[in-house]
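Work through the exercises below with the sequence and the model open. Each task is followed by a solution in steps.

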Amino acid sequence: MALSLNPAQKEAVLHDRGPLLVLAGAGSGKTGVVTQRIARLINEGTPGHAILAMTFTNKAAGEMQERVVKLVGKQATRGLFACTFHRFGLEVLSKETKALSLRGGSFAIFDRGDCTSLVREGLRTVSSGRTWDVGAILNRISLAKNAFLDSEAYATTVQDSADEYDAITAEIYPRYEGMLRSLQAFDFDDLVTEPVRLWRRIPEVLERWRKRFTFLIVDEYQDTNLSQVEMLRSLASEHRNLCVVGDDDQAIYAWRGADVRNILDFEKQFPGAKVVRLEQNYRSTEAVLTVANAVLAGSRSRRHGKTLRATKGAGATVKVVTMADASTEATWVADRIHKLVSSGEAKAKDIAILYRSNLQAPEFEGELRTRSIPHKLFGGTQTFERKEVKDMLAYLGVALAPESSELAVRRTINYPARGVGEAALERLGYHATAYDLSLWAAAERSHAVSELTDPARQGCREYVRIVNEVQRDIDSLPMAEAAKKLIDRIELKAQIWAESGNNLKAAARRWSGVEMVLRILDKRDKAFGAMAESARPSRRSALAQTLRIFMLREDTREEDQGDFVTLSTMHGAKGLEFGIVFAVGLEEGLMPHARTLDDRVTDPGPLAMGGEAMDEIEQERRLFYVAVTRAKEHLYLCHAVVRPVRGRVAARVPSRFLVELAEELIERIEVLEPPRGDAVVEQQGMGDILAALMGAKGPV
């Protein structure tokens, strides 16, 4: 047992059996508690393979596993499963293909782009020329799935709704389900809901998984949704050895289905649960934490009471900086960063600029670039969402299972262009339907497809030849080598450079994503090679497993140890920490966001767990709290007096979360040059805004 645990941490680590809720405030050392609890269980005789530890990012799961290995050794952790919910669901589905009655024991995982294509296909069969927001329909389907509502139950639930999107979703959902089934595919939501459905249908399957894992440990529990809690309840219903760690004050993901009530009602859902509060903060100074506690003190929502206490010294006073306008804000922040970095007071990697929306990033990027300050924007297009990477992986997927990869065939058959355009694809599709064939089989017999042009037939023959060659490579070569030969065959690098035109930097960035995937494949080749021969999967099985994990967007980030300033949304910064934080754009309409400004309480609707209302303003407060608690030593809270809004310069009101802060907690800085150009100030006069900032003590 480590000697560095405080009494509350020690209590959580030593808890024996039964449900345990660890309320871990920001910076309270929760990762150490989780890993030392796992280590303690292993040291006291629980085999590693009997422990399931789940969280929300692959990086967090990997770090958890590595820290446990350091505590007890690699041999003792053999079989320990530290993973995300989706990765665990994938494990269950992969092991239970027979119970799922999957043809050939294989299935595909559809990402957001694939699912969007399915919804669009469904709309073509029901829409009367109306343009629909496909994302809104997909989000409703996702909520329905996570509430365990199939298309029939969903239609019943929304039958009295006046919302036209509820109505169109009720039409599309059964078609969407049918297309997934016909393609033998699962979407991301299915990775959690389908194992639970399977367990409900076949209790003996659930019993196998219950017996395998006798201790469950879950991090970031405040981010769970209904289906994830149902998965945990199913697994823990007999032994009840469920330990969850989280912080309801950092529940900021309701917009993607997370339900803060899971952590608030844990003691109701798991009677007899022990509750431990971690309130000692090891990250931030007393000055930062005093502001953080003040932010939460203004909350009107139900929460678990806890107050962070600093283990560091008093530290520098938190600065509230009033800027003349948005441009002044970006210039001042960049100048301050330049001074800190050039003087050696701080390294670029110790600094972050946090904002509510990515739309705020470009001005800061421009100012940093002007000063040659290295920086990195988080939250852009991820590597595995890039076209060239998806093209390469789609080719590998077709080679593995051509008969069940219709979307992948559609994606790759004319890339690079080989004469098989939309018209040819449509004719191939008609032929496949008429003769009950897969699209791949139709391409194989393109000579028999009527009305197909000679160039299209030649293109199909070329495509089939390439895929057949890739199949042989997969059977005879390591994954990375097979992928490299594929890249050469389709001349992917040349395609990237041609598509990027004269933008060499963009081309290099796109190619670097392909190279990153090759490095990951090589790494996994070595990992499979190090396995005992009896346990080593076949080359095809290894690639299938790897492609499925890729579809989860896991194992996709290589550690970047570069010295750069971080630009991130407040949501994206959760879990990170920096010596110096600039939280910018702290104005009504940006933070809290404009959609919450009427202080309305929004009903989550018929798909919510318990029917309680959710106050969006309070979620914005929690998001602001997350931003504040990213700072270790220095915190700047910035807002502008005027800012462009829909093409016009408008007066801005400081965020209510700033106005609520007592004067003795902060130091004010004013950078009030006149607005540049012929700014038209709307909504409220400058004097009124400053009066609100300097004098008001309640919400604006």
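The exercises cover one histidine, then aromatic pairs, then charges over rings.

The model is predicted: local features need pLDDT of at least 70, side-chain atom pairs count only at pLDDT 80 or more, and totals for chains, interfaces and linings use all residues. Residues are numbered from 1 along each chain as its sequence is written, and side-chain values use heavy atoms, with hydrogens and water left out.

**Exercise 1.** Determine whether His571 is buried or exposed, and list what it touches.

Solution. Buried means under 20% relative accessible area, exposed over 50%, partly exposed in between (1.4 Å probe, protein chains only). His571 has 14% relative accessibility, so it counts as buried. Next, take contacts as heavy atoms within 4.5 Å. Leaving aside residues up to four places away in sequence, His571 touches Ile252, Tyr253, Trp255, Arg356 and Leu623.

**Exercise 2.** Classify the ring pair of Phe81 and Phe88.

Solution. Rings of Phe, Tyr and Trp (its six-membered ring) pair if their centres lie within 6.5 Å; planes under 30 degrees apart are stacked, over 60 edge-to-face and the rest tilted. The structure holds 19 such aromatic pairs. Phe81 is buried at 12% relative accessible area, and Phe88 is buried at 0%. Ring pairs also link Phe81 and Phe88 with Trp209 and Phe213 into a cluster.

**Exercise 3.** Which ring does Arg130 lie over, and which does Lys493?

Solution. The criterion is NZ of Lys or CZ of Arg within 6 Å of the ring centre and within 35 degrees of the ring normal. Arg130 lies over the face of Trp132, 4.0 Å from the ring centre. Lys493 lies over the face of Trp497, at 5.7 Å.
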